[in-house]
Amino acid sequence: MSIKELDAKYVANTYARFPIELVSGKGSKLYDSEGKEYIDMGTGIGVSIFGVGDDEWVKATTQQLTTLQHTSNLYYTSPCATLAQMLCEKTGAKKVFFSNSGAEANECAIKAARKYAAEKKGEEYYKIITLNNSFHGRTITTLAATGQDTFHKDFLPLTEGFLYADAGDVETISKYIAEEKIAAVMLETVQGEGGVVPLTQEFLSAVSKLCADNDVLLVVDEVQTGNGRTGALYGYMKYGITPDIVTTAKGLGGGLPIGATMLFEKVENTYTPGSHGSTFGGNPVAAAGACSIISRLTEDFLSAVERKHDYIINELSQCEGVKGITGLGLMLGIETVKDVNEVLKYCQENGVLPIKAKNKLRLLPPLNISDEELEKAINIIKNACVEVSANES
Ligand SMILES: *Cc1c(COP(=O)(O)O)cnc(C)c1O
């Protein structure tokens, strides 16, 4: 059986995969089983932020892998403590809880918010406001947090206690805070799965103030927007707000599974021994890799991300097949005149691998992609947006 047949026969039927089997790569290049080369404009959904087989990351992870690969949280290890220190010093968070995915990082945030509110205001204060069109994960609770009915279908009943408001609708959030017993507001700075839609400054400033004035926690889900993706270390930094909890995952591990929940001052001591945990959380190999990633997201590096953002906007906004571009940094959504599936197919056939978000083409390239490779990829994407594909002609 071919790999595609094996996969179709034995792997749970949850993914509509593209007809490509990837086997290797280096930097921004990926190779399939037929030896075809691609420029990676998706990084495994924003994960491999320094590309494939990044030398420093490989060194950091293999060094740890060949020394001590796992301990559980019954013992102290250096990569976990060092990574927590780095994240706190760079964000102002006081403590970090480590897990293995975005959904788990959000679960930890939701539990922390409930515990904080239960202790401070009473256990009836458990409700959390999230936004319509959001995405927070696939567990029963993070699905409940996800404000999109299509993800909920057939999985009811979900965890109760979530209320939804539209992005931009300060009035409804204000009303919920006044009339309901609210523990937290949880949102993404750029709705990634929702179509790469950034929140406005006005809205986020207003929500941040409402939260602070009412002792409602502000939880920012930076699973996709975090770790340099938006051109800031974390997306919320672009908005000049101070959250109470920040979650991240995807790019943090550079390709290994890791989730982090950063707890700021109010919730610094909410968790106590035994109140939360994870067997793999803070795994030394994943944490050593994350240290190598975070240490390189310097101001200079991030300004290069912004420069590449400007280049892409400049090129694509002049392209006649492009209706609009949304997003921040190197997290961009392109609304195309042609059907996005056609555009994507053309890109794949011509050696570029972007992904989709709703009806948009989504670009999440390695943050360190070279100018030459970026130019090459953008030229192919431009052609994909205007040219008629072989199928149509
Ligand atoms: C991907 C994503 C998640 C879920 O992360 P997993 O690692 O797949 O559990 C949660 N929130 C946002 C904003 C995401 O983009």
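Predicted model: local features only at pLDDT ≥ 70, side-chain atom pairs only at ≥ 80, totals over all residues.

Me: Why is M1 called exposed?

Reply: The relative accessible area of M1 is 64%. Exposed means over 50%, and therefore M1 is called exposed. This residue is found in the segment before α1 (3-10).

Me: What makes the nonpolar surface patch that includes M1?

Reply: The patch is made by M1, I3, L6 and Y10, and its area is about 460 Å². A patch takes residues with over 30% relative accessible area, and nonpolar side chains are joined within 5 Å. M1, at 64%, is over that 30% cut-off.

Me: How do you know that the protein has a domain 1 and a domain 2?

Reply: The domain assignment gives domain 1 as 3-53 + 298-392 and domain 2 as 56-294. Their C-alpha centres lie 26 Å apart.

Me: What makes the interface between domain 1 and domain 2?

Reply: Contact means heavy atoms within 4.5 Å; by that rule, 26 residues of domain 1 are in contact with 27 residues of domain 2. About 2200 Å² is buried between the two domains, and carbon and sulfur atoms give 62% of this area. On the side of domain 1, L328, M331 and K358 lose the most area to domain 2, together 30% of what that side buries.

Me: Why is the pair E193 and R362 called a salt bridge?

Reply: The side chains of E193 and R362 meet at 2.9 Å, N to O. The cut-off for a salt bridge is 4 Å, so this pair is called a salt bridge. Across the interface of domain 1 and domain 2, the rule finds two salt bridges.

Key: Residues numbered from 1 in each chain as written. Heavy atoms only, no water. Patch = residues over 30% accessible without salt bridge, like charges linked within 9 Å, V, L, I, M, F, W, Y side chains within 5 Å. Areas by Shrake-Rupley, 256 points an atom, 1.4 Å probe, with all protein chains shown as cover. Helix = DSSP H or I, 4+ residues; strand = E, 2+ residues; numbered from the N terminus. Buried < 20%, exposed > 50% of the residue type's maximum accessible area, 1.4 Å probe, protein only. Domains from an automatic or database assignment. Buried area = accessible area lost by both parts, 1.4 Å probe.
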